[in-house]
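I opened these notes to record what I looked up, and in what order.

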Amino acid sequence: METGRQGTTLFTAICLLIAVLVIIQLWLLGAALDAALSGEPRLAIPASIASAVLFAINAGLLWYVFDFDRRRRRVDPDA
Amino acid sequence: MSDAPRWREDFPILWDEDHYVTRRELAKFLTLGSGTIVAATVGVAVIGDRLRPQGKGERVRIEGAEAVPRNGSLLFTYPTPEDPCILVRRADGTLVAYSQVCTHLSCAVVHRPAEDELFCPCHQGHFDCSDGRPSGGPPSRRLPRVQLESSADGIFAVGIEV
């Protein structure tokens with residue numbers, strides 16, 4: 001059963017994790033741009049794939065947060 | 001009757017509440033930003049090869065290029081008057097030309113014949129004269145190379161190779 005205290009800790013950790021993944025994505029974008037400006041645009045393709053994978057992880061984590069809230073409300077409608 | 005001032009009816013949202021962002025909202029914004037970054041990275045991959053001019057361009061005669069001695073250099077502009085370039089005749093007599101704009105922070109590079117290199121005095125960047133690749137210092141990208149064509153009429157710049 002999910003509790004509010006569990007949620008507080010969990011959501012802080014999830015927010016931090018998403019922020020770290022976004023920073024990695026920014027680094028990938030910078031590397032892709034640098035490669036493209038160096039005349040090697042093909043390097044941007046693996047960077048795009050990696051960035052999309054990180055976005056999928058972020059979306060999954062966000063979906064988990066909302067799913068957590070739904071389950072909590074099912075147990076305790078006043079939450 | 002309420003004790004709240006009348007202006008409160010027009011501005012009912014408290015300042016603190018207006019600036020309050022929950023962790024769920026933060027997670028949502030970050031994920032939205034994450035999607036935007038994916039779109040930007042894919043955009044770079046798709047249009048990457050069009051970001052810099054490449055290949056054949058306008059054919060422009062480089063005035064005085066024939067007179068450049070071995071280990072000498074000549075400044076010219078190509079493809080527009082705002083694009084400074086440097087032509088170098090190396091010790092073996094071969095002619096090479098590069099953009100004079102350092103790929104680090106856009107200072108002007110100068111020729112150093114003794115080291116057979118192009119040198120950026122701003123941050124001590126070194127580029128190899130043979131291919132324009134960085135050989136020392138902060139630059140990580142090579143200098144765009146000006147393609148040259150030699151004919152009876154003189155020496156011409158015909159394109160930029162990134």
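Entry 1. I worked from a predicted model. I began with Ala32(A) and listed its contacts, leaving out residues up to four places away in sequence. Within chain A, Ala32(A) touches Leu43(A), Ala44(A), Ala47(A) and Ser48(A).

Entry 2. I then asked which members of the largest nonpolar core touch the most other members. They are Ile18(A), Ala32(A) and Ala44(A), in a core of 21 residues. I traced this core to helices of both chains: H1 (4–37) and H2 (44–75) of chain A, and H3 (23–47) of chain B, each supply at least two residues. H1(A) gives the most, with 10 residues.

Entry 3. I noted a second, separate core of 20 residues. Its members include Ala97(B), Cys129(B), Val146(B) and Ala157(B). As background, nonpolar side chains tend to be buried together in soluble globular proteins.

Entry 4. I followed Val146(B) into the strands and found that this residue stands opposite Ile160(B) in S10(B). Strand S9 (residues 145–151) and strand S10 (residues 154–161) of chain B pair in the antiparallel sense, over 7 bridges. S9(B) and S10(B) form a hairpin, with 2 residues between them.

Entry 5. I returned to the two chains and asked how many residues of each are in contact. I recorded 23 residues of chain B against 31 residues of chain A.

Notes:
Residues numbered from 1 in each chain as written. Chains lettered and ligands numbered in written order. Predicted model: local features only at pLDDT ≥ 70, side-chain atom pairs only at ≥ 80, totals over all residues. Contact = placed C-beta atoms within 7 Å. Core = buried A, V, L, I, M, F, W, Y, C linked by C-beta atoms within 7 Å. Buried ≥ 20, exposed ≤ 12 C-beta atoms within 10 Å, placed from the backbone. Helix = DSSP H or I, 4+ residues; strand = E, 2+ residues; numbered from the N terminus. Pairing = 2+ DSSP bridges.
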